[in-house]
Structures are given as C-alpha cells and as structure tokens.
Amino acid sequence: MAIGLRVHENRMQGIGRKGIAALAIMGMLSACVAAERAPSRTQPAPAVNRPIVPAASVSPAVARAPIGLENLLNEQWRVFPGRTGVAIMRIDGGEWITGQRVDELFPQQSVSKTWVALTILDLVDQGKLRLDQKIRITRDDLAVFHQPIRDRVIANGEIEVTVLSLLEQAIIGSDNTANDSLLRTAGGPQAVQNFLMRKKLGAIRFGPGERAMQSAIAGLEWRQEYAIGQRFYAARAEVPLATRKAALDRYLADPVDGASPEAIVRALAKLAKGELLSATSTRLILGIMARTSSGPNRLKAGVPAGWQFVHKTGTGQILPPVSTGYNDIGIMTAPDGTRYALAVMMGSTTAPIPQRMSFMQFVSRTVATYHGQ
C-alpha cells in the first residue's frame, strides 16, 4: 500500500563483510544512505536456484539463534524509536526463531499483497483460474495512492490485463489497483482470509481492500472520485486533525490488516519449502518477489553479495511526526543454500527514513554475519 507521498530515501554506502566485528555492525546504523530508487524493470530476475523441497523440521528446543545475533538485535531494537516488531527464522539446518514483539499484531500495508498473490496462485493450482486469463479493469475499479496502471485505464476507459501481468504489477511495483483487481478476481477479502486459515498461517489478518481501509485510516468514507488525481489528498486535508489522529490511533491499536512477525516468517518458511503452492507456482511467486522494485534500500541493501533475496515491502500513511506501516519481509538464501525468513514491521515511528532503512539493513546484515555460527 505504497502511499501517495513519494519520499526519496537514502542509499547505504556499502555493506558489511561477513567477518565484521559486532561493534562495526552497530556503528553502521548511523551511516549515510542515498535515495531509494526502483531498479530498472528490464533487469533480469536474480536466479532462484534453491530446490523447492520440504526441509527437515527441527524442534525449537534443539536449535537456537546465535546469542551474539540475539544480543545485537536486542541492543539496536531497544534504541530504535517507535513500536517495531522483528522476527528472524532459520528455515534449514535446524529451525529457530528469534526477534522482538514477535507475537504482536502490526499493520501490514502492502505486505498483505503477498497473501492476495498466494490466494490467486492457489486458485491457479486448483484449475479455477489461468495465468493468461484476462481481467477487465474500468475507472470504477481504480484505487488510491500508488497505481501506475491508472493512466492506462483513464486513457482507454477500460483495459484487459492478464492475471500474470497483474501479479507482477502488484508485487514488483506494488500497484494498488492491480492488487485490488486480483482481490476481486479471487473472490474478495474473505477468500484471502479463507486461504490464510486453510493453510494454517496463524496470526495474519486481511483487511477490506485498499479503498475502504485507506479511507478509514484517514477518517474518511471512500468515494470513487477519490481515485482520480489528487482528490484523495484534498479530501484528507479537510479532515480535522483530531478526527484523523483518532482514526489512525484506532487503526494502529487494532489493525484490520494486522499480522505478527512470527506468523509472517513461518508463512514465508512454508512458502519457501513448497508447502503452500505447487512447485511451479512456488517458483513463479519467488521469481516475481526477486524482482520487487520497492524498498531496494531496506532489508535488501544489507544482504551481502552472493546471497539471494526475495521480498515484499509495505508503507503506510503519515501523520507528522509519525510514520506508520513501514515494513519489509523476505527470504534470504546463503551461498550454501541455507534460507532465513525475515520480517521487520515498523508499526509507528518518528525515525527519519535513513534511520529506518539503516535498521533494516542492520537486521539482514547481522543475519548473514552470524550465518553458520
């Protein structure tokens, strides 16, 4: 749910090496980062070579996260402003989970596009939907905030787009109209919630869709006219500050799209092991997530060379000085094939964007540093 306020984020000047000392890792949190830009859509997708086979399950009592990783994570999490949840799960070679506020619900924002995509691919696996099936999109289907597809719809009145193309636009470009079109095709929010329950994915909620949810967060009721131009922003600017703050506080206290970091990393682990979709659909969605263009300077920027990374970001609304739903979830794969699922969920924070990115980079870099220990 990329917000309409497109903020330029700074890029971290390099990444730490695997053998870097713990003190140096923590020092990098204050490093300067350059503007977050989406890479070219024409770049080839990184190979996802990990075999999609179930990995041996190990009791949490048998394996534990490296104590150095836990200590560093706790130290940096404690000083980061706001309410943030972090979960890290080693998927292979002895499963373990560590983190902070792992069982609390945090706003997902565009992270929830992941579950829409999985629901769609589950329907494909069942033979109820085809990737080449075309979906009709009209002006009445337009959403809010980031939706590059909108220009084509307005120019033509209506368009037809394949399911596969919508999946790519929703995940890679975080297009809200593309996502809502997939949601409608899947059968609506309840269909996604049913998928989450059927697959036993735990504490993951799915909200009412972009238009209804984003309007409620802003203290508004959705009107389709808001989808055009800057009309949503204009309407939101007319909402009394106290009303808007009360609406945002209600959302943060009990997010309709809330998910716990632990549930997210466990879901990603199931996806990685081929337990949610067919092998073909699993390879497809991981390949799409490898091309995610949003958030290149979040978790991804801390992943060392030689590692693979697939992810989905989320970015919520801002009511200064508070930013909400600044998230990134993903799967890191080490050169030896060991996989880690990560979730960093910044429910609300006053930290500037470079500090947020730096913390996320610290998390992924530290996972790599302690790999094998």
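**View 1. Phe359 and Phe362 both sit in helix H13, 3 residues apart, about one turn of the helix.** Helices (H or I, at least four residues) and strands (E, at least two) are DSSP runs numbered from the N terminus. The model is predicted: local features need pLDDT of at least 70, side-chain atom pairs count only at pLDDT 80 or more, and totals for chains, interfaces and linings use all residues. Residues are numbered from 1 along each chain as its sequence is written, and side-chain values use heavy atoms, with hydrogens and water left out. Phe359 counts as buried because its relative accessibility is 2%, and Phe362 counts as buried because its relative accessibility is 1%. Buried means under 20% relative accessible area, exposed over 50%, and partly exposed in between (1.4 Å probe, protein chains only).

**View 2. Phe80 and Phe359 form a tilted aromatic pair.** The ring centres are 5.0 Å apart, with 35° between the planes. Rings of Phe, Tyr and Trp (its six-membered ring) pair if their centres lie within 6.5 Å; planes under 30 degrees apart count as stacked, over 60 as edge-to-face and the rest as tilted. The pair links distant parts of the chain, 279 residues apart: Phe80 is in the loop between helix H2 (67-79) and strand S1 (83-90), and Phe359 is in helix H13 (residues 353-369). Both Phe80 and Phe359 are buried. Phe359 also forms a tilted pair with Phe362, at 6.2 Å centre to centre and 35° between the planes.

**View 3. One aromatic cluster is formed by Phe145, Trp222, Tyr226, Phe232 and Tyr233.** The whole structure has 9 aromatic pairs.

**View 4. Helix H3 (residues 113-125) packs against helix H7 (residues 189-198).** The angle is about 80° and the axes are 9 Å apart, which makes H3 roughly perpendicular to H7. Axes are lines fitted to C-alpha atoms, for helices over the stretch in contact, and angles run from 0 to 180 degrees between N-to-C directions. Angles under 35 degrees count as roughly parallel, over 145 as roughly antiparallel, 65 to 115 as roughly perpendicular and the rest as oblique. In H3, Trp115, Val116, Leu118, Thr119 and Asp122 meet Ala191, Val192, Phe195, Leu196 and Arg198 of H7 (contact means heavy atoms within 4.5 Å).

**View 5. Helix H5 (residues 163-171) crosses helix H6 (residues 176-186) at roughly 135°.** Their axes come within 8 Å, and the angle makes H5 oblique to H6. Val163, Leu166, Leu167, Gln169 and Ala170 in H5 meet Ala178, Asn179, Ser181 and Leu182 in H6.
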